[in-house]
Amino acid sequence: MAELTLSSKNPTGVKVDALVVGTQTTSDGVAVVGDDLPRDVVAELEALAPALGITGARDEVRTVPAGAHLKAGVLVLTGLGARDASGSFPAETLRRAAGAAVRELTGASSVAVALPAADEAEVAAIAEGALLGAYSFTRYRETAAGAKAAGPVATIEVLTSLARGAKAKAAVERAATIAAAVHATRDLVNTAPNDLFPAAFADIAKAAAKGTGVKVTVLDEKALAAGGYGGILAVGQGSSRGPRLVKVSYSPSRPHAKVALVGKGITFDSGGISIKPAKGMEAMKSDMAGAAAVLHTVLAASRLGLPVAVTGWLCLAENMPSGTAQRPSDVITIRGGKTVEVLNTDAEGRLVMADGLVAAIEENPDVVLDVATLTGAQMVALGTRVSAVMGTESVRSEVVTAAEAAGEQFWPMPLPEELAASMKSKVADIANIGDRFGGMLVAGLFLQEFVGSTPWAHLDIAGPSFNEGSAFGYTPVGGTGVAVRTLVELLEARATK
Ligand code: BES
Ligand code: MN
Ligand code: ZN
């Protein structure tokens with residue numbers, strides 16, 4: 001990851017490849033905003049802006065020559081839109097503006113960011129956005145030169161008069177820890193499924209936890225069979241590469257709360273015997289984004305030293321069609337004894353998650369949160385940038401509040417009781433599919449059957465976890481790392497409760 005430092009240097013003199021400043025829309029056009037920019041530079045840019053088509057709108061990034069007054073190579077103007085009623089920019093606006101500017105600078109090595117920050121929280125938002133934008137996935141680029149050309153910036157200096165304060169330093173350190181967790185989550189999602197299969201994922205979890213004090217336990221097929229994990233085994237049985245359940249525990253002494261996180265980790269979802277159409281199937285390498293987010297949230301909680309016990313459960317399987325695959329009409333038994341008639345093998349996420357939820361709840365957590373790329377219906381309902389959250393009302397609200405603070409979009413969705421009847425099975429306790437309409441809610445209701453009275457929220461991140469469109473703000477193409485920031489924020493909130 002890029003190295004980030006805080007500095008109170010004047011932007012005029014910084015010798016970097018690129019200097020990032022803000023533009024804002026005002027009643028009479030566009031204004032250039034940034035800490036301590038020389039007046040003549042500002043005046044010149046503002047005079048040129050209309051001819052350059054620069055409006056100061058959000059998501060607008062323009063690179064211009066730095067001119068004789070500045071030591072930087074180029075000047076990057078990133079749009080902040082209009083100030084809000086209180087005269088400031090929302091934290092998420094700063095995060096995105098910093099991220100969009102840095103993201104466009106692949107090829108530049110050093111960047112200084114001089115955006116307006118009124119307090120430490122805003123400094124942290126700028127730092128976090130810049131780091132989130134400084135991402136690229138180069139694992140499969142053959143030549144070193146190719147990798148270098150596509151590489152993100154190496155050093156980021158955030159210029160602010162608050163640089164020397166301990167509060168700003170701590171806030172930026174937190175931002176760096178979170179950004180690293182998001183990057184690592186994106187890396188896992190972007191990794192090709194021939195390299196990332198359940199056992200490989202388990203090995204990565206072990207390696208990532210090494211030296212952190214986080215304990216990783218791996219249940220292989222034998223252990224899963226002994227433990228009655230019928231959902232994970234059934235989904236995994238069609239693949240030559242067997243399933244795993246990975247438990248990742250962070251256990252600080254005298255924790256203020258005990259939180260369980262369950263992640264869907266289908267390393268590739270072909271649909272199984274209920275096979276998916278070929279078109280777009282490649283995106284199903286991202287069907288483990290929930291498990292990746294859970295793993296790196298637990299590790300981030302440990303790095304931040306949060307006084308909250310967090311146990312992550314990664315439900316890992318590859319959903320493949322084969323002579324050993326489960327069939328539509330198979331009846332399986334989830335851990336704990338409930339039977340499920342599998343009417344569609346492509347509704348596999350809920351099967352592995354049911355096992356994971358049951359296992360998580362056996363340890364009596366205060367709350368359990370599950371994160372899954374569970375349904376295409378999530379995207380029909382909310383699109384590709386807004387995730388859904390369902391479950392116990394108070395926990396659902398807690399997630400929405402945390403998401404808002406973290407700069408992620410999670411929207412509350414209901415679990416209408418009457419829809420549950422559509423999952424009635426003719427032979428088993430429940431079927432794994434129900435009404436097509438409200439498919440996301442049906443999946444949520446299925447999971448609800450396995451959580452009993454434990455306070456619970458279900459996060460469906462199907463759309464937001466994988467960006468199949470173009471990059472925007474600090475969000476790259478491919479894996480986005482969604483949910484990590486919300487979950488860390490929620491753990492921090494629980495820590496201070
Ligand atoms: N992994 C998919 C859901 C998904 C779809 C995630 C698109 C991201 C993008 C899930 O396993 C699935 O296939 N769900 C089915 C359920 C249906 C068979 C009831 C779906 O949504 O079509
Ligand atoms: Mn599926
Ligand atoms: Zn799936």
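## The manganese site

Along the chain, the donors of the manganese ion (ligand 2) follow the spacing D-x76-D-x1-E. Donors are N, O and S atoms within 2.8 Å of the metal (3.2 Å for Na, K and Ca), and sites may look incomplete because water is not among the atoms. This is a predicted model, in which local features need pLDDT of at least 70 and side-chain atom pairs count only at pLDDT 80 or more, while totals for chains, interfaces and linings use all residues. Side-chain values use heavy atoms without hydrogens and water, residues are numbered from 1 along each chain as its sequence is written, and chains are lettered from A and ligands numbered from 1 in the order in which they are written.

The protein donors of the manganese ion (ligand 2) are D269 (OD), D346 (O), D346 (OD) and E348 (OE), at 2.0 to 2.2 Å. The arrangement is irregular because the six donor atoms around this ion subtend angles of 70 to 168°. Four donors count as tetrahedral if all angles lie between 85 and 135 degrees; four count as square planar and six as octahedral if opposite donors are over 155 degrees apart and all others between 65 and 115; anything else is irregular.

D269 also bridges the manganese ion (ligand 2) and the zinc ion (ligand 3), which are 3.2 Å apart. D269 belongs to strand β10, whereas E348 sits in the loop between β13 (339-342) and α10 (349-362), so the pair ties together parts that are 79 residues apart in sequence. Helices (H or I, at least four residues) and strands (E, at least two) are DSSP runs, numbered from the N terminus. D269 and E348 are buried, a term for under 20% relative accessible area; exposed is over 50%, and partly exposed is in between (1.4 Å probe, protein chains only).

## The zinc site

K264 (NZ), D269 (OD), D287 (OD) and E348 (OE) coordinate the zinc ion (ligand 3) at 2.0 to 2.4 Å. The spacing of these donors along the chain is K-x4-D-x17-D-x60-E. The site of the zinc ion (ligand 3) is octahedral, with angles of 78 to 173° among its six donor atoms.

Distant parts of the chain are linked here: D287 is in the loop between β10 and α9 (289-303), and E348 is in the loop between β13 and α10, 61 residues apart. D287 and E348 are both buried.

## The surroundings of ligand 1

Ligand 1 is surrounded by 16 residues, of which K276, D287, D346, E348 and G376 are the closest; a residue counts if one of its heavy atoms lies within 4 Å. By class, this shell holds seven charged, five nonpolar and four polar residues. Ala, Val, Leu, Ile, Met, Phe, Trp, Tyr, Cys and Pro count as nonpolar, Asp, Glu, Lys and Arg as charged, and the others, Gly among them, as polar.

A polar backbone atom of T373 is 3.4 Å from a nitrogen atom of ligand 1. On its own, ligand 1 has 520 Å² of accessible area, and the protein covers 77% of this; such areas come from the Shrake-Rupley method with a 1.4 Å probe. Strand β10 (258-269) and helix α11 (376-382) are the elements that give two or more residues to the shell.

## Residues with a positive phi

Most residues other than glycine have a negative phi. D59, which is not a glycine, has a positive phi of about 75°. D59 lies in the loop between α1 (39-52) and β4 (61-65), and it is exposed, with a relative accessible area of 55%.

A483 is likewise not a glycine and has a positive phi of about 90°. This residue is in the loop between β20 (478-479) and α14 (484-495). A483 counts as buried, at 0% relative accessibility.

## Other positions in the chain

S425 is found in the loop between β16 (410-412) and β17 (430-431) and is buried, at 14% relative accessibility. Its side chain is joined to that of E341 by a polar contact of 2.6 Å. A polar contact is a pair of N or O atoms within 3.5 Å; within protein, one must be able to donate a hydrogen and the other to accept it, and residues adjacent in sequence count only if both atoms are side-chain atoms.

R327 is placed in the loop between β11 (309-319) and β12 (330-333). With a relative accessible area of 47%, R327 is partly exposed. R327 and T345 are 6.9 Å apart in space, C-alpha to C-alpha, and 18 residues apart in sequence. I332 lies in strand β12 and is buried, with a relative accessible area of 8%. Between I332 and L233 there are 9.3 Å in space, C-alpha to C-alpha, and the two are 99 residues apart in sequence.
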